[in-house]
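Some notes on this model follow, point by point. Please read them beside the coordinates.

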Amino acid sequence: MQHERIHLKDHFPFLGEDGRDPVLAAYLPYNMVEMKRENQKRPCVIICPGGGYVFCSEREAEPIALRFIPEGFNVFILYYSVAPHRFPAQIREVAAVMELIYQNADQWNCNTSKIAVLGFSAGGHLAAHYSTSFDCPEVREVFPDSKSVNASVLCYPVITADPAYAHLGSFNALLGVTDRTKEQIDRFSCDRNVRPTTPPAFLWHTAEDTCVPVANTLLYAKALADKKVPFEVHIYPYGAHGLATCDEETKDDVTPAVTHAAAWLPAVMKWLKIMGFHL
C-alpha cells in the first residue's frame, strides 16, 4: 500500500496563507497484477475528523481509515485548518482534495464517480457543508470547476447553526464571532441548503448525545426527505458524543450500549455498496 502525506499548500499555494498548513494523508492500496486487476479503479472516501473546528481528532482519523481499506477504498484523511483559521479555508481545502483526486485519478487508481466524504461532529459539518455548498462563491473563486462528492457519511454531525440546537463552539471557531446574524445562521445550517442535487447521505447519532443534540441529524434527514434525496439514518439510544469506532481502539469506557452503536460501521459499508461504491 502506498501511503503519502501531502501538504496542500505545495499544490495550491494560497492554501498556505496566514500560516495554514492543511495536510492530506492518502492510503492507496496497490492493485493486484497477479489477479489481473492492475487497471482497477477504486472508490474513494475523504475523512474529516471532528474537533469543534479547534483541532482534528486522532480517534476519528486513521482508526476510521483502516476500516475502509479492507473494503476496497482509497482513503484520504484531511487534517483541515482549524481556529484561528476561519471559513472559507476549510471548505476550500475539501475542494482541493477533490482536485487532487481528479488530477491523480489514473496514478492513484481512483474512480472519480464514486467519491464519498465522511465527517465526525464538526468534521460532519464540513462534510455536509461541502455536500450542499461545493459550488458556493468562496469555493468557485479559487476552484472555478469545483466538484461535488457522490455521497456523504455524517457521524453525529454538527448541522445547524440555530442556537436552539447548535454546537455553538463549532460555529464560534469556524466564523470567529459569537453572535451570528440570521443570514449567517441560514447559510451555515446545512439542512437549510439541501437541494434535490445534494448527494445521498448516511447519518448516525445517539439520542443520548448532550454535546451535539440528535436534532442535528434529524434536521438534515428531514431536509433530505423534503428534497427527495436518498438517505439512511441510524439513531442509537445510548452513548456520549465522539464514539468513533465504538470499541476499545478509540474509547476507554466501552459499555454494551456503546458496542451496540458499533453497528454503524457494517451498516455504512452495506449502504455504500447499495449506492454503487464497490470495486
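1. This is a predicted model. Start with Asn-74. Buried or exposed? Its relative accessibility is 0%, so Asn-74 counts as buried, the cut-off being under 20%. The residue belongs to strand β4, which covers residues 74–79.

2. What does the side chain of Asn-74 reach? It reaches the backbone oxygen of Asn-109, at 3.2 Å. Leaving aside neighbours within four places in sequence, Asn-74 is in contact with Tyr-27, Leu-28, Pro-29, Arg-42, Pro-43, Cys-44, Val-45, Trp-108, Asn-109 and Cys-110.

3. Asn-109 deserves a look of its own. It sits in the loop between α4 (105–108) and β5 (110–120). Asn-109 counts as buried because its relative accessibility is 15%.

4. Ser-121 lies in the loop between β5 and α5. Phi of Ser-121 is near 55°, a positive value in a residue other than glycine. With a relative accessible area of 7%, Ser-121 is buried.

5. Next, helix α5, residues 122–133. Twelve of its twelve residues are buried, so α5 is largely enclosed by the rest of the structure. Among them are His-125, His-129 and Tyr-130.

6. Check the cis peptide bonds. One joins Ala-83 and Pro-84, with omega about 15°. Another joins Phe-87 and Pro-88, with omega about 15°. Pro-84 is in the loop between β4 and α3 (89–103). Pro-88 lies in the loop between β4 and α3.

Methods: Residues are numbered from 1 along each chain as its sequence is written. This is a predicted model: local features need pLDDT of at least 70, side-chain atom pairs count only at pLDDT 80 or more; totals for chains, interfaces and linings use all residues. Side-chain values use heavy atoms; hydrogens and water are left out. Helices (H or I, at least four residues) and strands (E, at least two) are DSSP runs, numbered from the N terminus. The expected span of a helix is 1.5 Å times one less than its number of residues. Buried means under 20% relative accessible area, exposed over 50%, partly exposed in between (1.4 Å probe, protein chains only). A polar contact is a pair of N or O atoms within 3.5 Å; within protein, one must be able to donate a hydrogen and the other to accept it, and residues adjacent in sequence count only if both atoms are side-chain atoms. Contact means heavy atoms within 4.5 Å.
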